[in-house]
Amino acid sequence: MAPKNVIVIIYLLTLTGIIIWLGIIFLAPYLASESSPLAGFIYALFSPTCHQIPSRCFFVFGHPLAVCARCLGIYAGFLAGTLIYPFLKGFFSPSLPRIKNFILISIPILLDTAANLFGLWKSSEWLRFLIGLIWGVILPFYFLAGFSDYFIRRHKISLEIHHKK
Amino acid sequence: MNDQRPGMFVPALIGGAVAGILSGIPFVNCLCCLWIIGGGMLSAYLLIKDSPMPLSAGDGAIVGIFTGIIAAVMEFIISIPFKAVTDKFMRNMIDRFSEYYEEMPRGLESWFQEGALETSFLWAIIGLIISVVIFSALGALGGIIGISLFGKKPAQKGQGSVDVHKDTGDRQP
């Protein structure tokens with residue numbers, strides 16, 4: 001398959017994946033409100049990647065979301081970043097963001113996490129969400145570029161082998 | 001050219017073990033998915049350290065995927081003895097919550113009473129499989145970020161390594 005097609009497929013899979021992921025996060029409290037046993041499974045599914053402390057979660061349908069406000073922000077930011085990716089980068093010239101940009105965008109989440117951890121201040125759920133959102137936006141620019149690079153390189157290597165034969 | 005690349009197993013094992021253990025310990029796991037991304041970054045750093053040649057973002061993605069798989073298995077094992085502690089902590093949280101808020105969100109209490117976090121062995125295995133997929137994606141992300149942060153720049157172009165370049169900054173997020 002041509003690398004361009006593979007890159008488009010990677011993009012569409014990533015976009016679909018993050019939409020489903022966010023959908024499941026909201027599905028958990030809905031199922032819990034309907035007393036479905038699947039709710040417990042979904043909450044358990046997210047427990048390895050999130051502490052799920054209820055006081056740090058948004059409540060929907062009377063139940064906490066499957067992840068905390070910060071994680072929700074990161075995933076929502078990832079979706080936003082994925083949506084704007086083709087307009088900022090184009091599909092076919094994968095390049096990683098500059099280190100300076102990554103460090104700048106990581107400062108709020110690092111500061112807020114450290115401050116909350118050491119009890120310097122207590123952020124509201126909305127602030128946690130916003131900070132996660134800001135950080136999440138840059139992540140697809142790594143994710144998509146990294147996987148695109150992998151498949152482009154594989155394609156080049158297979159072409160080289162083909163030419164040598 | 002490929003034979004010059006360092007083995008990915010040891011860096012992935014170290015990064016995965018660190019990420020999995022930290023994700024599985026109650027209280028320490030408050031950094032959520034950041035531990036897995038951090039584990040991927042650690043693996044990428046260790047891979048770069050042992051590599052005589054510049055590595056690409058794709059290499060970071062692959063070592064990150066392996067890191068995620070190992071982290072998911074490690075977290076699964078580590079969390080078993082801590083399950084009782086975690087459940088107790090969650091129940092204490094709801095008690096604290098009720099002290100601060102006059103009106104409890106509807107259904108929160110019953111959510112705990114119904115044992116929302118309890119799952120059968122079969123569900124646990126299905127959960128582990130899904131965790132492997134999720135952790136792999138997060139690990140890959142960490143691996144790519146790690147390559148970007150710690151990676152050596154290619155000495156010459158066209159030597160079969162880096163195709164993904166650092167952006168010149170004209171179209172940045």
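A residue is called buried when its relative accessible area is under 20%, exposed when it is over 50%, and partly exposed in between. The model on display is predicted.

**Stop 1: two backbone positions in chain A**

Select Q52(A), in the loop that runs between α2 (38–46) and β1 (59–60) of chain A. Its relative accessible area is 4%, so Q52(A) is buried. The phi angle of Q52(A) is near 60°, which is a positive value in a residue other than glycine.

Next, select F61(A), in the loop between β1 and β2 (63–64) of chain A. Phi is positive here as well: for F61(A), a residue other than glycine, the value is near 55°. Is F61(A) buried or partly exposed? With a relative accessible area of 42%, F61(A) is partly exposed.

**Stop 2: chain B as a whole**

Colour chain B by secondary structure. The chain contains 5 helices and 1 strand, and from the N terminus on the order of these elements is α-α-α-α-α-β. Chain B has 173 residues, of which 46% count as buried. How much accessible surface does chain B have? The total comes to about 8,800 Å², and carbon and sulfur atoms account for 64% of that area. Consider also the contacts in chain B between residues at least 6 apart in sequence: 83% of these join residues at least 24 apart.

**Stop 3: E75(B) and its surroundings**

Remain in chain B and select E75(B), which is placed in helix α3 (residues 57–100). This glutamate has a relative accessible area of 8% and is therefore buried. Which residues does E75(B) touch, leaving aside those up to four places away in sequence? In chain B they are G20(B), S23(B), G24(B) and F135(B), and from chain A there is P48(A).

**Stop 4: R153(A) and its polar contacts with chain B**

Move to R153(A), in helix α5 (residues 125–164) of chain A. Because its relative accessibility is 8%, R153(A) counts as buried. Display the side chains of R153(A), S56(B) and D59(B). The side chain of R153(A) makes a polar contact of 3.1 Å with that of S56(B). A polar contact of 3.3 Å joins the side chain of R153(A) to that of D59(B).

**Stop 5: the second largest pocket**

Now display the second largest pocket, whose volume is about 720 Å³. The pocket is lined by 24 residues, and those closest to its centre are T14(A), G17(A), F143(A), V133(B) and A137(B). Which elements give two or more residues to this lining? They are α1 (3–33), α3 (69–89) and α5 of chain A, together with α5 (121–150) of chain B. Of these, α1(A) gives the most, with 8 residues. Colouring the lining by residue class shows 21 nonpolar residues, 3 polar residues and no charged ones.

**Stop 6: I18(A) in helix α1**

Select I18(A), which has its place in helix α1 of chain A. I18(A) is buried, since its relative accessible area is 6%. Not counting residues up to four places away in sequence, I18(A) touches Y75(A), F78(A) and L79(A). Then draw a C-alpha to C-alpha distance from I18(A) to F143(A): the two are 125 residues apart in sequence and 12 Å apart in space.

**Stop 7**

Return to chain A and select L130(A), a residue of helix α5. L130(A) counts as partly exposed because its relative accessibility is 44%. How far apart in space are L130(A) and R70(A), C-alpha to C-alpha? The distance is 7.6 Å, for a separation of 60 residues in sequence.

Finally, select I134(A), which also lies in helix α5 of chain A. Its relative accessibility is 37%, so I134(A) counts as partly exposed. From I134(A) to L120(A), 14 residues apart in sequence, the C-alpha to C-alpha distance is 21 Å.

Conventions. Residues numbered from 1 in each chain as written. Chains lettered and ligands numbered in written order. Predicted model: local features only at pLDDT ≥ 70, side-chain atom pairs only at ≥ 80, totals over all residues. Heavy atoms only, no water. Helix = DSSP H or I, 4+ residues; strand = E, 2+ residues; numbered from the N terminus. Buried < 20%, exposed > 50% of the residue type's maximum accessible area, 1.4 Å probe, protein only. Contact = heavy atoms within 4.5 Å. Areas by Shrake-Rupley, 256 points an atom, 1.4 Å probe, with all protein chains shown as cover. Polar contact = N/O pair within 3.5 Å; in protein donor to acceptor, adjacent residues only side chain to side chain. 1 Å grid on protein atoms, 1.4 Å probe; cavity = no way out; pocket = protein on both sides within 12 Å on 5 of 7 lines; lining within 4 Å. Points joined across faces, edges and corners; volume = space filled by probe spheres on them. Nonpolar A, V, L, I, M, F, W, Y, C, P; charged D, E, K, R; others polar.
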